[in-house]
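Subject: Structure handover

Hello,

Here is the structure we talked about, with notes on what turned up in it below. Please read them with the model open.

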Amino acid sequence: MKTTSLPPLSVLNYMMILSTAIMAAAAVSAAAFEFKVGDEMGWQLPKPNNSEFYNYWASINRFQIGDSLSFEYNNDSVVMVEKWDYYHCNSSDPILSFDNGKGVIKLDRAGAFYFISGFPDHCKNGQRLLVQVLSPPPLQDLIGPSPEPYGDDAPSPSSNNAGVSVQIINLAVIIFPMAAVVGLLLF
């Protein structure tokens, strides 16, 4: 059986692929969005038959690092709390709180963010929000795998020095363009 392999990519091709991936990642992170919590309803006590309103609202949106939540309300408050406080409607030990009619919170990390109304009865009747912020994809997912020989009788990397040179080239292709991008960002 004949072994077939992908043509080798030049260092320039790797640099172009990596720089495109970095620009795409930067464009995604630069495209932060401000979500108005509850859309037209805003932040208020939901109707009795709609106590899952905010959980549903959060489930139909996709939150990423850098996005913001805008809470707009009248005669109420919004309190950012820990998980236990969220489930027990406890606003006595807030991480952050607003009571001036509007609060904007930047989602600065991946993971869960918990919000409740400062009025315990409002929280117990559904005025609470759990937001899950997505983790960014790993860089490898953006640029794809390195090309490798394929086929049943492909030579193993230990049979020649090809594996070593590919690793060195891959490392150089990743480090030098990233250093250039970081250098540009610093100026």
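In this predicted model, Val-78 has Phe-98 in β5 as its bridge partner. The contact belongs to the pairing of strand β4, residues 78–81, with β5; the two run antiparallel and are joined by three bridges. Both strands are part of an open, mixed sheet of five strands, ordered β2-β8-β7-β4-β5. At the edges of this sheet stand β2 (63–64) and β5 (96–98); each has a single partner strand, so one side of each has no neighbour in the sheet.

For β6 (residues 102–106), the covered face consists of Gly-103 and Ile-105, while Lys-102, Val-104 and Lys-106 make up the uncovered one.

Next, the disulfide. Searching the whole structure gives one. It is formed by Cys-89 and Cys-123, with the sulfur atoms 2.2 Å apart. The two cysteines come from distant parts of the chain, 34 residues apart: Cys-89 is in the loop between α3 (83–87) and β5, and Cys-123 is in helix α4 (residues 120–124). Which hand does the disulfide of Cys-89 and Cys-123 have? The torsion about its S-S bond is about -75°, so the disulfide is left-handed. Both ends are below the 20% cut-off for buried residues: Cys-89 has a relative accessible area of 10%, and Cys-123 has 0%.

On to the aromatic residues. The count of aromatic pairs comes to 10. One of them is Trp-43 with Phe-71, an edge-to-face pair with 5.1 Å from centre to centre and 90° between the planes. This pair also links distant parts of the chain, since Trp-43 lies in the loop between β1 (34–36) and α2 (53–59) and Phe-71 lies in strand β3, 28 residues away. Trp-43 is buried, at 1% relative accessible area, and Phe-71 is buried as well, at 0%.

Another pair is Tyr-86 with Tyr-87: the ring centres are 4.8 Å apart and the planes are at 85°, so this pair too is edge-to-face.

Regards

Key. Residues numbered from 1 in each chain as written. Predicted model: local features only at pLDDT ≥ 70, side-chain atom pairs only at ≥ 80, totals over all residues. Heavy atoms only, no water. Pairing = 2+ DSSP bridges. Helix = DSSP H or I, 4+ residues; strand = E, 2+ residues; numbered from the N terminus. Disulfide = S-S within 2.5 Å. Buried < 20%, exposed > 50% of the residue type's maximum accessible area, 1.4 Å probe, protein only. Phe/Tyr/Trp six-rings, centres within 6.5 Å; stacked < 30°, edge-to-face > 60°.
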